[in-house]
Number of protein chains: 2
Amino acid sequence: MQQYFVESNQTVEMGDHLDLGPQDSYHLVKVLRGQIGQEVIVVLGDQKYLARLVKNNQDCAQVQIVQTLKPSLTQTELPVEVVIACGLSKQDKIEQIVQKATECGMTAFQPLALKRDVVKWDQKKAQTKRSRLEKIAQAAAEQSKRLTVPEIAPLKQLSQWVADQPEDALCLYAYEEKAKEGDHAQLKVAIRQLQPGQKVRIVFGSEGGFDPEEAAYLEAHGFRACSLGPRILRAETAPIYALSAISYALEL
Amino acid sequence: MQQYFVESNQTVEMGDHLDLGPQDSYHLVKVLRGQIGQEVIVVLGDQKYLARLVKNNQDCAQVQIVQTLKPSLTQTELPVEVVIACGLSKQDKIEQIVQKATECGMTAFQPLALKRDVVKWDQKKAQTKRSRLEKIAQAAAEQSKRLTVPEIAPLKQLSQWVADQPEDALCLYAYEEKAKEGDHAQLKVAIRQLQPGQKVRIVFGSEGGFDPEEAAYLEAHGFRACSLGPRILRAETAPIYALSAISYALEL
């Protein structure tokens, strides 16, 4: 069943009517050809409700709350808070990362300008990209039945972002050199120590990886290098591997 | 360092010259602008060698073997044999699956015609697709530094393929209904029982998932339903999750 996020400042009761946003209205009415009475899931705050379409207007659709869904069946968030921070990759790779990392439970996405990035974003491009990534994250959160939409942070320099991290966060960076050395244990050691609610930060290079100075800077600021196994993963595959490993260890 | 697969029926010794195939010659000489003396890794059988470019012809490049690389640093294959079988998805999703599942260690790929697939491949399309997927698998195996290129099997019907599976294989299928029931343990239970060298088969639906008859057929033939966690993953994300989980459990 299709799921949509709805914003409302009020408490919601059975029978209440709620408006969908323009993007979701268009999706439900135009793309899915939603008919009056069609059931959807709506998410308000951290609660999911069963709702029915009562106004099939493609600019402003309206649904009516029918049932509160059980929390046990709707808990779809990772038990830890994982921020994925990535260098800027070519083409639509950042979009692929945001889409698939959202499905895999990422809490927030931080684009980073790294030395070996083959693309640069100027201020205007960074803004355009951010809006686009926000839409991708919302659609992916709805499709994967999440309770929250990952935040897309504005582009930052590595040093600017590293300085802002909470002291109690588990901080890692995916470093190919570790894989080449045959030392693959660090990620598992780190994941095994995770407590519910813990903050996790994982940094990934773009196609070019990290400059040694950046790796040294991360190490000096408490980030631990980890391998993602013996094969060299593409920039857009690495975050999915890490999130899948966290999900496998904590959710299955 | 770039890696290429080389075919040769002979034993290779230090100083031997080897021809790269036309696709790899073009890649090294034209795309990477490889100069005489440039170092690459070549894979013959299950052994990796350091080699140097000695003839930079873009149709037929030649390298010379310089050094045998240590097996401990070149063991990049999953310790189990995982065949990924998938329904036919729209657009380039099958290509994404083959590329990323190759990086994540898949042994072979089996395209399956399932009832809810939104696309169909006729005989001609199946052949074209297979050649294209073979090229993608080879490039991804080289990029991720694997020792083998995953085999791309010809398109089959589900029943035709299921009947062919070895009796001792661990057979699973990713079933969304399991996720909805909140039962997420099966994949972990299965992975924990894996022995080195064991054969694993995992079936994934396309966007439409499995028809209940197909799920019943798989169950009747010893395939166990498993959830990939509480979020609903896209057709192209699910195989990567499963392979990442296997790698995390067995390789890290």
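## Polar pairs and salt bridges

Across the interface of chain A and chain B of this predicted model, 26 residue pairs, both at pLDDT 80 or more, are in polar contact (N or O atoms within 3.5 Å, one able to donate a hydrogen and the other to accept it, residues adjacent in sequence counting only if both atoms are side-chain atoms). Six salt bridges are also found there (a Lys or Arg side-chain nitrogen within 4 Å of an Asp or Glu carboxyl oxygen), including that of B:Arg234 with A:Glu103, whose closest N and O atoms are 3.1 Å apart.

## Extent of the interface

Chain A and chain B each bring 43 residues to the contact (heavy atoms within 4.5 Å), and the area buried between them is about 3600 Å², 55% of it from carbon and sulfur atoms (accessible area, 1.4 Å probe, lost on being put together and summed over both parts). Of the area that chain A buries against chain B, A:Arg231, A:Tyr248 and A:Leu252 supply 23%, more than any other three residues.

## Helix packing in chain B

The axes of helix H3 (residues 93–103) and helix H9 (residues 238–251) of chain B come within 9 Å and cross at roughly 10 degrees (lines fitted to C-alpha atoms over the stretch in contact, with angles from 0 to 180 degrees between N-to-C directions; helices are DSSP runs, H or I, of at least four residues, numbered from the N terminus). H3(B) and H9(B) are therefore roughly parallel (angles under 35 degrees).

## Basis

Local features need pLDDT of at least 70, side-chain atom pairs count only at pLDDT 80 or more, and totals for chains, interfaces and linings use all residues. Residues are numbered from 1 along each chain as its sequence is written, chains are lettered from A and ligands numbered from 1 in the order in which they are written, and side-chain values use heavy atoms, leaving out hydrogens and water.

Technical notes: Buried area is the accessible area (1.4 Å probe) that two parts lose on being put together, summed over both. Helices (H or I, at least four residues) and strands (E, at least two) are DSSP runs, numbered from the N terminus. Angles under 35 degrees count as roughly parallel, over 145 as roughly antiparallel, 65 to 115 as roughly perpendicular and the rest as oblique.
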